[in-house]
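Visitor: I have not seen this structure before. Could you take me through it?

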Number of protein chains: 2
Amino acid sequence: MRAWALKSRPTGTPVADNFQMIEAADAPLGEGEFRIANSWLSVDPYMRGRMNDVKSYAPPFALGEAMTGGAVGEVTESNNADYPVGCKVLHMAGWRDTVVAGGSNPPEGGMPPVKLPDLGVPDQHWLSIIGMPGGTAWFGLLNVGAAKEGETVFVSAAAGAVGSTVVQIAKAKGMTVIGSAGGADKCAWVKEIGADACLDYKSGPVLPQLRAALKELGKSGVDVYFDNVGGEHLDAALACSNERARVAVCGMIDVYNEQQPQSMQYLTMIIGLRIKIEGFLYPDFAAQVPEFNAGMAELIASGKVKSRETVMDGLEKAPDAFIGLFTGANTGKMLVKV
Amino acid sequence: MRAWALKSRPTGTPVADNFQMIEAADAPLGEGEFRIANSWLSVDPYMRGRMNDVKSYAPPFALGEAMTGGAVGEVTESNNADYPVGCKVLHMAGWRDTVVAGGSNPPEGGMPPVKLPDLGVPDQHWLSIIGMPGGTAWFGLLNVGAAKEGETVFVSAAAGAVGSTVVQIAKAKGMTVIGSAGGADKCAWVKEIGADACLDYKSGPVLPQLRAALKELGKSGVDVYFDNVGGEHLDAALACSNERARVAVCGMIDVYNEQQPQSMQYLTMIIGLRIKIEGFLYPDFAAQVPEFNAGMAELIASGKVKSRETVMDGLEKAPDAFIGLFTGANTGKMLVKV
């Protein structure tokens, strides 16, 4: 069994030297246990927070111990009738090739393996569009943001796993969508998947671009801002908000790697426009996941929503894949094929 | 008739020279009209926003024209049976000694005069604890902040008109209250009206003081932050929030006079703690004002809530009273006695 562990805690953007591969002999299975061979691993921006030695919504990774994260795999050996050999599972023991689950030990990553529901989507979609990133997009846009048909949605990191799903759900539900992404190629792709406009934040300040896009689309302002990045994007969204706008704060990737304070010029808009800013986490909506799965499977089947993935091959590539999240290496969901 | 007008638009903190007194002969009354002699004028921080030439939630004051604002007065001459001579009214034609209301012209300040309800409170309370500032405290704390018995409330500008009412309502409803005010005298008074602790923001940074106060009170963090100032206080409140904390944003007096961006270090806490930040305006709760009036009259009658006012004498003093809001000249509600 091989797994990735933290060798040292990153300061700022993680580098390859922060990670080390650890190896162990395969343990024999105990009662009720089964072995999963991972086929797909997820790397996600939230993992950056767990690399710091501070209490956050998820506990920090321990140095020298296998990290955890979303993964899809197949049962290859089993002492558990509920998880027979050949059964495919979604679980949290990522960053490694194989893992023993079941039995009396608490599940790795805190979540017991879940058998993949039979909704006719490819396995790796359970780590992307119909999994945590897709659900984050769904609940953030529709529950936290309460976005309605006819409204104008602004979403940052729109070429990322969550953002690109927000774009597609919003379009499928009759909203006007302005995305933001880094570089002309990504912006072109964000428009290809349905956005009415896409700002290139690498080409210049966000606020004038957002104002110009709204004007061109004949829109007075933003009704829902889906925030993946914080900082300048959040400030621009506040500056261009409509009355009663909602900001669903999913992430602030701009500041995960920095200790720098964010410079906010438009927070006062919150008062006069009665803006609501609210943070959320995917697990808060656990009870509504089956509803999301069904709704998303329908959008996928109808062709209205597609999963786009950037795949790196081999367990060896997991740290590169993760680091790439912060350097813009992915379009859509970043995955590792074991 | 004498009234205060803007002579020029302030940049930064307003100064006396931004204001000019204008005079006009008393107009004869038309059909349905009545004349009000003002006895009390309100000066409020929100008026600063109306002194800029930018669209905000209230339109800007025009240069050279009588400003508007809350006032209480008595009808001295009347062609309107609904408003007989001697009747007392709350209205928006402040900043002046007399005004003609009723008839076919739109009411000054956009709100028709309201006869003072008979709830047994002194006239000037209708500009303070049972009026707009009191209602702002009530709706912000209980509706927007959804503060509950047993929770911990942090309120900035706690010696101000709104803040001191928040302190008293929160205590009356069984919450733990930490205030913040400028200077030892004000802090002593904030504790006198019931706060469990009061930070002196003039004595040093807010965050370590807030952390120390929470620790001393045996509280894990802030459940509701009632924001009157923005900036450093808001950031400290986010840093010390409990899960699912609510921030009711009433004002950001720290930044009304400045073009400077706010430096925010703890916005990322919004995500993991699922903090909700929401702006609000008193008029949004117009339909619930009678309910607030009745509830507040009860708290006043029970002695649980008291109005504290800083009074400046004479119409001449109105600009000084207003400027004093930004220099800490008031404890409790700042009023002008005409």
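Predicted model: local features only at pLDDT ≥ 70, side-chain atom pairs only at ≥ 80, totals over all residues.

Visitor: What rotation superposes chain B on chain A?

Guide: Chain B is brought onto chain A by a rotation of 180° with 0.0 Å of shift along the axis, and the RMSD is 0.0 Å. That is the relation of a two-fold axis.

Visitor: And how many residues does each chain bring to the contact?

Guide: Chain B contributes 29 residues and chain A contributes 29 residues. Of the interface residues of chain B, 100% are also interface residues in chain A, so the copies meet through the same surface.

Visitor: How much area do chain B and chain A bury between them?

Guide: About 2400 Å² is buried between the two chains, with 64% of it on carbon and sulfur atoms.

Visitor: Which three residues of chain B supply more of that area than any other three?

Guide: They are B:Leu267, B:Ile271 and B:Arg274, which supply 23% of the area that chain B buries against chain A.

Visitor: Changing topic: at what angle do helices α2 and α3 of chain A cross?

Guide: The axes of α2 (residues 132-144) and α3 (residues 161-172) of chain A cross at roughly 50° and come within 8 Å. That makes α2(A) oblique to α3(A). The crossing of α2(A) past α3(A) is right-handed.

Visitor: Which residues make that contact?

Guide: On α2(A), they include A:Pro133, A:Trp138 and A:Leu141, and on α3(A) they include A:Val162, A:Val166 and A:Ile169. By class, the contact of α2(A) with α3(A) has 10 nonpolar, three polar and no charged residues.

Methods:
Residues numbered from 1 in each chain as written. Chains lettered and ligands numbered in written order. Heavy atoms only, no water. Least-squares fit on C-alpha atoms with pLDDT ≥ 70 in both. Contact = heavy atoms within 4.5 Å. Axes fitted to C-alpha atoms, helices over the stretch in contact; angles between N-to-C directions. Helix = DSSP H or I, 4+ residues; strand = E, 2+ residues; numbered from the N terminus. Parallel < 35°, antiparallel > 145°, perpendicular 65-115°, else oblique. Left-handed = near helix turned anticlockwise from the far one by under 90°. Nonpolar A, V, L, I, M, F, W, Y, C, P; charged D, E, K, R; others polar. Buried area = accessible area lost by both parts, 1.4 Å probe.
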